[in-house]
Each structure stands twice: as structure tokens, then as C-alpha cells.
Amino acid sequence: MKAAEGQLVNAASNTPPETEGEVVVAPIITASSVTDLDQHLALRKAAAALGTSFHETLAHAIAAAEFLEKIPIGFARQHAVLGLASDNGHLPVAISDVSACEELEVIARFLGRPVKPVFATRPAILAAINVSYQQKSGEAQTFIEKLDRRDVLSEIQELHGREDLLDVATRAPVIKLVNLMLFEAVKLEASDIHLQPYDDKLVIRLRIDGVLFDAFDLPKALQEEVLSRVKVMGKMNIAEKRLAQDGRATVQVGDRIIDLRIASLPTSCGERIVVRLLDKSARLYTLGELGMPPGTLSHFQDLIGVEHGLLLVTGPTGSGKSTTLYAALQELNHKELNILTLEDPIEYQLPGVSQTQVNEKKGMTFASGLRNVLRQDPDIIMVGEIRDRETAVMAIQSALTGHLVFSTLHTNDAASAVTRLLDLGIEPYLVASSVIGVLAQRLVRKVCSACGQPIPPSTDELRRLGIESPPTTTSMRFGPGCDACRKTGYKGRVGIFELMLVDHPVRKKIQEVSTAADIKDVAIQRGMKTLHDDGVDRALRGVTTIEEVLRVTMRATV
């Protein structure tokens, strides 16, 4: 039964439609002149007249799987419609306007089943659409299995503007495939995508919680098309396959903006590409949410509250150093302070903080940028990384001239950061008088909350952690694996920390040009908890496992 615009059929009628694809409709007042302020009232009246429901929010609503499968997100967004899960014969479709009858008829015919309207505001529906379409997963491998190389040879084309990864219904095959791969990575909260060529296939690998997993395989015949598509997204030269290249792109997943950093490298089996994903809409953490032990957190907050000095955060790539520095800057971000940063790249936008992107190709290095920053009358400066002697000298001079300077180094532990500065040619007395503290950190995977089970520690496991006498009480857990954690037993990560305070005994060791081991021994005598010790505490409390602690701290304890 078809309906004209502006008409609805009584949903409470005792004669339900028998034809597939039918819309439940009845006469109702139009709402074309309703103002935004009266929208809720108008929708409530429309719902009451139809005998249907009005939803203040759809935050907890479950979208119908068949609607997500068959209705493109572009259509759903344009008309602000979303099918909701239902146990009865009629599919509830959320609409924000009583004039949406034609759209309801289209949906009914497309799904082959009767639908009925329910009401919600347009913003609520659009927000639910973004969330619901993001819940779709597992499409990439299915699409790969159906993909025909003949369909994609001519389908590489340049992106126009920002690509929405949820809108794949009208995309060409290779574009759709790459979008689905990116979407799967975002959905699984991967930090990197590796497109690694082999002799007979192209393997797509995802780094999730710091560990690489094989996600799916592509036929070798599609390797060039897929790699070229990724290079086009990054505005890279697709004809150049003998030199390494870098590129950048921005994509959208619903209402989330994802920055892509793309790097290619020629190998014997073809170009290898790694894509780093940076969620620009991700929430920044506060210091209290990083997982620092109370004592470490208290000392660290004292350090970031001093007026001048150099505070270093160390650890390997991907250990959360930037997250810690951003959390510290957030805590210090007051109108009374002038905070400036030099970053490569700028990972998150901090309101009220002046952030500068380093560009070495154009002559804006950390060292040269720091000279310019000092002319901006800063109170606090964050230098993304100390890579060379020139940057180290500028950072130390800034700290000695009344500025609080944050920066990072790539070292195994806190004490090694001091010897690293000495290796760069910095005089020991300058290091001793400028550095106020060093925070070393790692990220360990957490035991999955869905499948984690208590497990008593064995003597061998405790001995591996350096514990000779078993503790009286432990809460150690083990995850056997479930769907929520992809059968790994781990879900999410948490930081472990080692904070070295540069007090008088440590400062004396630095001036004597002592080894990192000697400096570390003095710091431990002064109460420093090492990365290994902090990790052991987390394992005994059931946050992580012994294997995970040993995996990330082995080199730091050597």
C-alpha cells in the first residue's frame, strides 16, 4: 500500500498489512512550520497520534542488521532514517519528520518487509547512524573472496576531499576494499596497518595493543592496485617504486576523523607500506587515568609544578610518551601560563596551547624552532623529541634560563637518558643542573575483562619475576581467550612507570660521569621503583600477566 507525502496510516489499526514491503500509515498533521524549539513537542504529538513511540535518544538502541546490510549509509544520513531491531513482523524505522513516508516506502520495498515509523530528533538519529554503521565488521575478508581483478584494473582514482570509510556502497572495488581494510583497523583499534608483500600474496597485518596480527590475505594479482590506491590516498608518486616515500591522508569513520601517516619501502617482493592511524577525535587522558602508582603520580605532579628545569619521558616508539606529555600539559593548561609545543607530528589539538609542526624539509627543525619559541615569552615548552646535540643544547639552555621544558628520548630506562645526553656531548654539570627528573615507561597488555580468570602463581613463575618467597595474597589472572579479545586473552593496555628524581645524590653521580647502572643503583636506593618492579605489582594484582611484564621489561632490566 503506497502513501502520499504528508499522510500516515494509523499504526494502531487492527488490520495489519499483508503485503511485503508495506508501510503502516495514517492521516496526521504536517509539521513543516515547526520551529527547532518545538521539535520535541511536535514529534511527541505525532507519535501519540500514530500510537507509536518517541525516543529522546537512540544511544542504547540496537540497529537492525538487515537495515545496515542493505541500506547505504549515504541514504540513511540524507534522510535521517535508521531501522531498529525488533522481534515482531514490523521493522521500526526512526524518522525525524512526518513527511518521510516516501523514504519509508523505499526502505520497505528494499528490505521486503513491512516497516513502521518511530520518532526521534534528527541529531539523535544521525549520531546513532554513525555508531551503528561502525559496528559492522568482518566485511573486508568477505569482500576479498568475491573480488575479481578484472573489476579493479581501472578503478584507481584520486580522493576528493575527506573520505568517509562508512560510505562504501557506491565505491569502486579497490577503493571499497581499501576503505574496508582501514575501517577494520579503526574498528579493532589498531595503531598501524602493514601491507606486506610475499612471493605469492599480499598480507595485511594489524598492530593491536602493540602486537602484530595477520588480519587477511590478498591475491598477488591485486597487489599493485591496492598499493597504488593507498599511495594515491597519501598523494605519493605511484610511478616511483624504487625509492621510499612518505605521505599523509585524512579519512572519516562516521563522526571520527582519522589521520593516516603512510610510508612505503621497496622490497624484493614489491613495495611494503605501513599506515599509522591517529584518531584525532580520541579523548585525551588525564594524569590520573594513565595508571601511575600513587607515589609515582604524586612525585610526577610535583615535578611538572616547578618553575624551571628539564623533564624527560623515555621509552621506545609506541610506549605512550606523547600521551603522558599531553596529560601533563592538560593539567598545567591555565590562562596564567604561556605553553608552546614543537611536535612532529602534532597528534592531538590542545585548546589554549600554541602547537607548532616541525618540518625539516623546510628548515623548521626542533633546534631552530626552539630558538623561535624562546622569543614568544613561554612559561612551558614541550619539545617532541631530542634527536641531536643542537636540540639538546637548546633544551638545556631553555631549562636553565627559567623555563619548564618537557621532551622525550628513546632509551631503555630512566638512568640511560642521562648517559644519552652525555653521549650527545652535553657537559655533565649542565645535565646535572638542568634535568629535574626522568620518567621511563612501557605499555603492557591488560588481561581481558571478559574472559580473565583467577590463577594461582607457580614457584617457577614467581622465580622468573625475581620473587623468591611466594606472597601471602595475590590476584593473578589469566585470559584463555574469547571473541572480545580475538582469542588472545588480552584487551587494552596500561602503562608501567619508572620515575627517577634527580636529587643531590643522583646529581653527584651525573657530575662524576658515572655509568647508567651506577646512577640507577643510587636512584633505587633513593626509593625509585623500576619498570620491572612496577610490572610485577601489576601482574600480582591481576592487571596483566608475568609473560607480558617480561616481554616489555626484559631489555630494561639487562
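Guide: Welcome! A residue counts as buried when its relative accessible area is under 20%, as exposed when it is over 50%, and as partly exposed in between (1.4 Å probe, protein chains only). By that rule, 49% of the 558 residues of the chain are buried. This is a predicted model, in which local features need pLDDT of at least 70 and side-chain atom pairs pLDDT 80 or more, while totals for chains, interfaces and linings use all residues. Numbering starts from 1 along each chain as its sequence is written, and side-chain values use heavy atoms, without hydrogens and water.

Visitor: Why is Q196 called buried?

Guide: Q196, found in strand β8 (residues 192-197), has 16% relative accessibility. The limit is under 20%, so Q196 counts as buried.

Visitor: What makes the pairing of Q196 with R272 a polar contact?

Guide: A polar contact needs N or O atoms within 3.5 Å, one able to donate a hydrogen and the other to accept it; residues adjacent in sequence count only if both atoms are side-chain atoms. The side chains of Q196 and R272 are joined at 2.9 Å, so they meet that limit. Another polar contact, of 3.3 Å, links the side chains of Q196 and R205. Leaving out residues up to four places away in sequence, Q196 also touches K201, L202 and V203, among others, where contact means heavy atoms within 4.5 Å.

Visitor: What makes a set of residues a nonpolar core?

Guide: Its members are buried Ala, Val, Leu, Ile, Met, Phe, Trp, Tyr and Cys residues joined through side-chain atoms within 4.5 Å. The largest such core here has 44 residues, and L310, L312, L421, V431, M500, V506 and I510 have the most contacts inside it. Helix α13 (residues 414-423) gives the largest share, six residues. A second, separate core of 35 residues includes L43, A64, L84 and L91.

Visitor: Which residues does L421 touch?

Guide: Not counting residues up to four places away in sequence, L421 touches L312, A392, L409, I426, V431 and V435.

Visitor: Why do β3 and β6 count as paired?

Guide: Pairing asks for at least two bridges found by DSSP between two strands (DSSP runs of E, at least two residues; helices are runs of H or I, at least four, and both are numbered from the N terminus). Two bridges join β3 to β6 (residues 115-120), so the strands pair, and they run parallel. In β6, A120 is the bridge partner of H55.
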